[in-house]
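Thanks, everyone. Let's get the structure on screen and walk through it.

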Amino acid sequence: MPDAGSAAAPAARTQPEEADRLRELLRSPAYQKALVLCALIGVPVSLIAFWFLAAVHELEHALWADLPSEWGWDTPPWWWPFPLLAVAGVAVGLVVKYLPGAGGHVPAAGLHAPGQGASALPGVVIAAFASLPLGATLGPEAPLIALGSGLALLFGQLARAPVTPKSTPLLAAAGAAAALPAIFGNPLIGAVLLIEVAGVGGPQLFAVMLPALLSSGIGSLVFTGFGRWTGLSTGSLSLDLSEPTPRLDTGDVFWSVLMAVAIGVVLHLVMNTGRLTALFVSQRRIVRTTACALAAGACAAVYTLITDRSPVDVASSGQSTLGQLAQDPHSWGVGALIAVLLFKAVAYALCLGSLRGGPIFPALFLGGAAGVLLAPLPGLGVVPGLAAGMAAAAAAALRLPVSSAVLVVLVMGSAAMTPVVMLSAVVAFVTVQMLPPGPAVPVPGRPTQPPPERPSVTPGDRPETT
């Protein structure tokens, strides 16, 4: 029977071989040309992504702020979402039915690896402009991935770059990575996100990273606690920030874990409802897409009638509203927080299956609002609740725990909440994975059910059998 040393020998011998292969790849003229091409393509792609996002933002501001103000309203009236989302539903339905690429992938399926060709670009752009500024409860990250990858492939064709099975995914990923910093404001999260979305390492990556995230977060809590209790220092690498940050305690950790389980269950139900919505609109696309968009508008209208707040709280990605919530969480009463969680979750599920956009920002808002709502629990503060809620919601919606943790840490602007962020992301992800999988999301133009012998696999998710 071979001992441990002999079993480890083959693995040890492969390390120099892998290093030699990497060295040969980096020295390869073809790979070096590909790197230069990706760098050059990144310039126009990032510029176009910037103007795309700027145009979406300006149109959204004009429709939801400038136009109501010109007509004498401080905030949009309760009925305002209906005409805008009716237009959104009709436009997206037409794009999905008649244009190549169906306006991008269905948001209820999560984020997909880049790969749509240049022929899908018109539909992606039209569907994004018809959804995001007109009140869809979705974010811009999925259209950005499709836009960046499609533009990169288009520019590669114009530059007459050689098309190979290896060069095409490389160009698509480079284009998507160049576009994502426009929305996240940081290139790191874009790179980490694409690594997880592309499924680099497969299930083994998640099997290794989950214990690493969990133990790292717990280790950080232990070191933080011992440093506070003993007054001693280990000389760790850190920067002194001017802004004071709260210290984590036992209550923050305890409630964050319980909150992550609850948020994971709720977001799993929301995402599954979005998948059922996608199945519903797969037949009679224009009529049913419009009906779902109007139903999402009804959520915003009822929310406004109940709370006397702006319908933008529900009929938007939640990016700007999340900033307002973080700056002044006490301006939201308990009733307003419960109402926005309920109606935005329903609108989110409807838009996930019918319109076009990304799932990240609404999930972050829902998690952040839940954290603020539960902050009065004994031992849980507003900042830890906000951080843990966002991390749990993002991990549950995206099934990408590493990207979710990195994203929330960067959004918070401080590393002080990193331990509860990592714990919440892992707990929510494991909770979702333990729940029964939802229905498969239909791909426009393809059969609703995938072949039984080849079940569909979403990166970061477990296989869904049919």
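Start at Val-95. Val-95 is buried, at 4% relative accessibility. Buried means under 20% relative accessible area, exposed means over 50%, and partly exposed is in between, with a 1.4 Å probe and protein chains only. Val-95 sits in helix H3, residues 81-98. Helices here are DSSP runs of H or I with at least four residues, strands are runs of E with at least two, and both are numbered from the N terminus.

Before going further, the ground rules. This is a predicted model, where local features need pLDDT of at least 70, side-chain atom pairs count only at pLDDT 80 or more, and totals for chains, interfaces and linings use all residues. Residues are numbered from 1 along each chain as its sequence is written, and side-chain values use heavy atoms, with hydrogens and water left out.

Back to Val-95. What does Val-95 touch, not counting residues up to four places away in sequence? The list is Ala-102, Gly-103, Gly-123, Ile-126 and Ala-127. Contact means heavy atoms within 4.5 Å. The C-alpha atoms of Val-95 and Val-124 are separated by 8.5 Å, and these two residues are 29 apart along the chain.

Now the overview. The chain has 17 helices and zero strands. It has 466 residues, and 48% of them count as buried. Take contacts between residues at least 6 apart in sequence: 79% of them join residues at least 24 apart.

On to helix packing. Look at H16, residues 401-412, and H17, residues 418-434. They pack at an angle of about 150°, with axes 9 Å apart. Axes are lines fitted to C-alpha atoms, for helices over the stretch in contact, and angles run from 0 to 180 degrees between N-to-C directions. H16 and H17 are therefore roughly antiparallel to each other. On that scale, under 35 degrees is roughly parallel, over 145 roughly antiparallel, 65 to 115 roughly perpendicular, and the rest oblique.

H16 passes H17 in a right-handed crossing.

Nonpolar covers Ala, Val, Leu, Ile, Met, Phe, Trp, Tyr, Cys and Pro; charged covers Asp, Glu, Lys and Arg; the others, Gly among them, are polar.

H17 has another partner, H15, residues 382-398. The axes of H15 and H17 come within 8 Å and cross at roughly 35°. That crossing is right-handed. H15 brings Ala-387, Ala-388, Ala-391, Ala-392, Ala-395 and Ala-396. H17 brings Val-421, Ser-424, Ala-425, Ala-428, Phe-429 and Val-432. The contact of H15 with H17 counts 11 nonpolar residues, one polar and no charged.

Stay with H16 for a moment. Ser-403 lies in this helix. Ser-403 is buried, with a relative accessible area of 1%. Beyond four places in sequence, Ser-403 touches Ile-189, Val-192, Leu-193 and Glu-196.

Another buried position is Gly-367, at 1% relative accessibility. Gly-367 lies in helix H14, residues 360-374. Leaving aside neighbours within four places in sequence, Gly-367 is in contact with Ile-263, Gly-389, Met-390 and Ala-393. Its C-alpha is separated by 9.9 Å from that of Leu-322, 45 residues away along the chain.

Next, charge pairs. How many salt bridges does a search of the whole structure find? One. The cut-off is a side-chain nitrogen of Lys or Arg within 4 Å of a carboxyl oxygen of Asp or Glu. The side chains of Arg-309 and Asp-313 form it, at 3.1 Å, N to O. Arg-309 is partly exposed, at 23% relative accessibility. Asp-313 is buried, at 6%.

Last, backbone. Most residues other than glycine have a negative phi. Arg-284 has a positive phi of about 55°. Arg-284 lies in the loop between H10 (250-281) and H11 (285-307), and is exposed, at 57%. Asp-308 also has a positive phi, near 65°. Asp-308 lies in the loop between H11 and H12 (319-327). Asp-308 is exposed, at 70%.

That's the tour. Over to you.

Note on methods
A crossing is left-handed if the near helix is turned anticlockwise from the far one by less than a right angle, and right-handed if clockwise.
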